[in-house]
Amino acid sequence: MRSAWFSIALLVLFVGCSSKSSTAPTGGDQDASPARPKVALIMKSLANEFFSTMADGAKTHQSEHADQYDLVVNGIKDERDLSRQVALVDEMVAAGVSAIVIAPADSKALVPALRKAKEKGVVVVNIDNRLDRDVMESESVQIPFVGPDNRAGAQKVGDFLATRLQKGDKVAVLEGIRTSFNAQQRHAGFLAAMKQAGVEVVSSQSAQWEMSQANTIAASMLSEHPEIKAILAANDSMALGAIAAVKSAGRADDVLIVGFDNISAVQSAIRDGKVLATADQYGGKLAVFGIETALQLVNDQSAAADDVETPVDLVTAETL
Amino acid sequence: MKHQLTQSVLQYAGLLGVLLLLIAVFSLSSENFFQMQTLVTIANSNPDLIFVSVGMTMVLIVGGIDLSVGSVLALGSAVLGVLMVHYEWGLLAALPVCLLATGLCGLFNGMVSVWFSIPSFIVTLGMLEMARGGSKVLTDSQSLYIGRSIEGFGEPLQSISLSPAFLVAVGSVIVGQFLLTKTVFGRYLVAIGTNAEAVRMSGIRTAPITVAAFVISGVLVGMAALAQTSRLSTADPNAAIGLELAAIAACVIGGTSLMGGRGSVIASFIGVLIIAVLQSGLAQLGVEDATKQLITGAVIILAVLLDALRSRFGKSDA
């Protein structure tokens, strides 16, 4: 008896499934109003304040322009969950979106999935972490990047820090995940600024963008190189981790800390004098910039898919 | 024969009920969910978890646990990446080395835990760190882009829209279930998981059988590494962090006992599908991340509860 019910349920499932898929070919949905495109925003970890701010900015923008487009926002559990992010791209294509705006968790691994999305006619815009040029070339695909110049931003922060340091001083750097383009760019910007000022980088390690790892690594840097005068963190979460390490080492007064991203926690730390400077790349608007570019491309197929550079500014106690 | 079929359908009715319920809920709440393309996408995104869950089921049944699967997957992926990118090997040459590497990790897990009577929880916890470190050393902590030479396995076939990876994964489910229910090896696994001492007393050497379960798990993790690397076209040293928990969740949803002695590969497979459908459906709806986690946890518990209720009723029926 029970098995009979079960077979009926299965049958209904398969019949329903095949009939629906035959009436709605390749993700096109006829019932939806024709004018309003659906944009999928695919983020990294939404547990990270930087990305949740970005996502909130996008949601606010959508509610103000609700007549122009629909928005679906998704993130992944942690910054390294590549596999899930690739699956999200596939799922959004299957859900029939017109455009994908993505902050890739890895600059290489996402390219093939995004190429497949483009082949199905979905507009793809890259934000936050720039996709690898060589991989895009070998996959013969072009995806516009809308975002700030992280290297220039990091250099501004580094230059400002250098004004508080002497030639020959020693500093340490907390890098992001080394595979990410942003991490490489910020690292390069920091190094360039330090080199120009004649400051020596005695230790440079990756804390994977995370506060707790940054705390552990900064603490060990301080005990290994007690002479360091400053810690340059490639994002604000790691800067917060460094603050705690400096405090527990009893060095809060003589070690300067700089970050990147301008999250709200670091703004108060700057006011309190615990952090010297950070860079604002207008995180709240980064996704919106990407969405605007994507909508342009959806509405005007002939528009050129060029990179768009967005502003990065130095934030210090004076500018706040 | 007919009776047997009814029995086996009954065995999975509770689980399939949960799966169908989820599909129904998402079909009603998201306009594009109930489509071939969505279901096919879900299938093609999860062969790695299927492979791993098949191996995990065997290890759990024999009374062990394998926490190292995610890291060993990354190690296998790193082996593929390094051989194919730095040494320009073909896939057919690199794959056996990958399977050998992950199989050896399984052999190590099994031998150390059996010979020295160390709980596999601890040995595989150590392997979790070692394999992750190994994958980072091999790749120099860089993700390696491999490209089209590896994409074929994960790419959907034109004719049926399913990827070879998914088909092979389903094949491993069938072979795994056959091994478990129709062979002497399978019966020994269950017997050792239920009461290892009794099996030993009856003159059977339990060590090789337990070790074999870990080796099977290792080799299947190697296949999972191939599936994932192929889907991403990239070998990623940070791949599959936390995969062990997803695999254990899938097995437990499927009714496999963490105490050993009870479990079914097919049920674990349905467990994977439940997790995958849930993940994908919530993503299509664009549910808040925190809500996603709340719902996922609740569904895991609900599925286990339903299964417990079903087995209680099932018993009174028989």
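Modeller: The C-alpha centres of domain 1 and domain 2 of chain A lie 29 Å apart. This is a predicted model, in which local features need pLDDT of at least 70 and side-chain atom pairs count only at pLDDT 80 or more, whereas totals for chains, interfaces and linings use all residues. Residues are numbered from 1 along each chain as its sequence is written, and chains are lettered from A and ligands numbered from 1 in the order in which they are written.

Domain 1 of chain A comprises 35–143 + 283–311, and domain 2 comprises 150–280; these bounds come from an automatic or database domain assignment. Nine residues of domain 1 of chain A are in contact with nine residues of domain 2 of chain A, contact being C-beta atoms, placed from the backbone, within 7 Å. On the domain 1 side, one of these residues is nonpolar, four are polar and four are charged. Here Ala, Val, Leu, Ile, Met, Phe, Trp, Tyr, Cys and Pro count as nonpolar, Asp, Glu, Lys and Arg as charged, and the others, Gly among them, as polar.

Helices (H or I, at least four residues) and strands (E, at least two) are DSSP runs, numbered from the N terminus.

With α3(A), helix α4(A) packs at an angle of about 5°, the axes being 9 Å apart. Therefore the two helices are roughly parallel, a term for angles under 35 degrees. Axes are lines fitted to C-alpha atoms, for helices over the stretch in contact, and angles run from 0 to 180 degrees between N-to-C directions. Val86(A), Val89(A), Asp90(A) and Val93(A) of α3(A) meet Ala113(A), Leu114(A) and Ala117(A) of α4(A). Six residues of this contact are nonpolar, none is polar and one is charged. After α4(A) comes Gly121(A), with a positive phi near 90°.

Technical notes. Angles under 35 degrees count as roughly parallel, over 145 as roughly antiparallel, 65 to 115 as roughly perpendicular and the rest as oblique. Two residues are in contact if their C-beta atoms, placed from the backbone, lie within 7 Å.
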